[in-house]
Amino acid sequence: ARYSVDEISGEQVSPTFGAVWRPREGTALRATASHGFRAPAINELYIYPSSNADLEAESAWNYEAGLRQRIPGGLLLDLAVFRMDGTDMIVLAGNPSPPPPVKFSNTGDFVFDGLEASLEGRWRAGLGGSVSYSYLDTGRWTQGRPGTKVDFELYAVRGTFTARLNGSHVSDYYGGDDASDPIPSYTVVDLYGEGAVAGGLSVFLGIGNIGDEEYLIYTELPGAAAGLYEMPGRSFTGGFRYAY
């Protein structure tokens, strides 16, 4: 348990409870319940036109139940369901007395439900990989919070050479609350490789967004410059490293 007190958030008590049960070799069931809070940031309180010195701290109870299971063949499965039940979420909302047109405000109660699943594999010859899936139900608070995301990674290590391919697919993504202003789904894949040349010298090369995907993300920048921003296309990064 953690106790904290400050002039902005007041008194906060944050306990954590958890239990793990291993009914057999390679299987673990878990459950946790915890309370936490987030004090308003300096820019939310004072700095920008959208700031609000009367903000309260966000507060939430978090609940999770999960399973971790080893599978023959070098696989590890992890499943989890969770709920965040909170109050006073800080968001940019319409200002009843403009300017500015929007202002940081405490919105009241909120409930987020979700599911996460991942499968990880490690094999001989330095091969490995993982794939994960996450689903998030934020109720009406959909702005800038992807509902579905799939991540994957494949890697190979052979001697001093390393290669890694990873990517993400994002869908159920919105630029506004109440599932308004839908953002197109997108898939971005990156490739990275590094290997020793001689002595302590190594060379690396990375290709970002190898499919040259055109996609947008929602971002809240300081000063209330919130909205959709176009992300870069294909990019190349290369260089050398030297270790003494």
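## Ground rules

Residues are counted from 1 along each chain as its sequence is written, and side-chain values rest on heavy atoms, with hydrogens and water left out. Because the model is predicted, local features need pLDDT of at least 70 and side-chain atom pairs count only at pLDDT 80 or more, while totals for chains, interfaces and linings use all residues.

## The chain as a whole

Let's begin with the big picture. The chain has 1 helix and 19 strands; these are DSSP runs numbered from the N terminus, with helices being H or I of at least four residues and strands being E of at least two. The radius of gyration is 22 Å, well over the 18 Å that the globule rule gives for 244 residues, so the chain is more spread out than a compact globule. That radius is taken over C-alpha atoms, and the rule is 2.2 Å times the number of residues to the power 0.38. Along its principal axes, the C-alpha trace spans about 65 × 50 × 40 Å.

Of the 244 residues, 28% are buried. Here buried means under 20% relative accessible area, exposed means over 50%, and partly exposed lies in between, using a 1.4 Å probe and protein chains only. The accessible surface comes to about 14700 Å², and carbon and sulfur atoms account for 57% of it; areas come from the Shrake-Rupley method with a 1.4 Å probe, and for residues only the protein chains shown count as cover. Among contacts (heavy atoms within 4.5 Å) between residues at least 6 apart in sequence, 50% join residues at least 24 apart.

## Two nonpolar cores

A nonpolar core is a set of buried Ala, Val, Leu, Ile, Met, Phe, Trp, Tyr and Cys residues joined through side-chain atoms within 4.5 Å. The largest one here has 8 residues: Val170, Tyr173, Ile183, Tyr186, Val188, Tyr215, Ile217 and Tyr218. Strands β15 (186-198) and β17 (216-221) each supply at least two residues of this core. Apart from it lies another core, of 6 residues, including Ala60, Met89, Phe112 and Trp141.

Not counting residues up to four places away in sequence, Tyr218 touches Gln143, Gly144, Tyr173, Gly175, Ile183, Ala226, Gly227 and Leu228.

Asn209 sits in the loop between β16 (201-208) and β17. Asn209 is buried, with a relative accessible area of 4%. Beyond four places in sequence, Asn209 touches Val188, Val189, Asp190, Tyr215, Pro232, Gly233 and Arg234.

Towards the other end of the numbering, Ser4 belongs to strand β1 (residues 2-6). With 14% relative accessibility, Ser4 counts as buried. Its contacts, leaving aside neighbours within four places in sequence, are Gly10, Glu11, Gln12 and Phe37.

Most residues other than glycine have a negative phi, and most peptide bonds are trans. Against that background, the peptide bond from Pro98 to Pro99 is cis, with omega near 0 degrees. The bond from Pro99 to Pro100 is cis too, with omega near -10 degrees. Pro99 lies in the loop between β7 (90-94) and β8 (102-106), where Pro100 is also found.

Positive phi values turn up as well. Ala125 has phi near 65 degrees and lies in the loop between β9 (110-122) and β10 (127-137); Ala125 is exposed, at 55% relative accessible area. For Asp178, phi is near 60 degrees, and this residue is found in the loop between β13 (173-174) and β14 (182-183).

## Distances along and across the chain

Ala39 lies in the loop between β4 (27-38) and α1 (42-47) and is partly exposed, with a relative accessible area of 31%. Ala39 and Leu55 are 16 residues apart in sequence and 8.8 Å apart in space, C-alpha to C-alpha. Not counting residues up to four places away in sequence, Ala39 touches Ser9 and Ala57.

Arg24 lies in strand β3 (residues 16-24) and counts as exposed, at 58% relative accessibility. Arg24 and Arg234 are 210 residues apart in sequence, and their C-alpha atoms are 47 Å apart in space.
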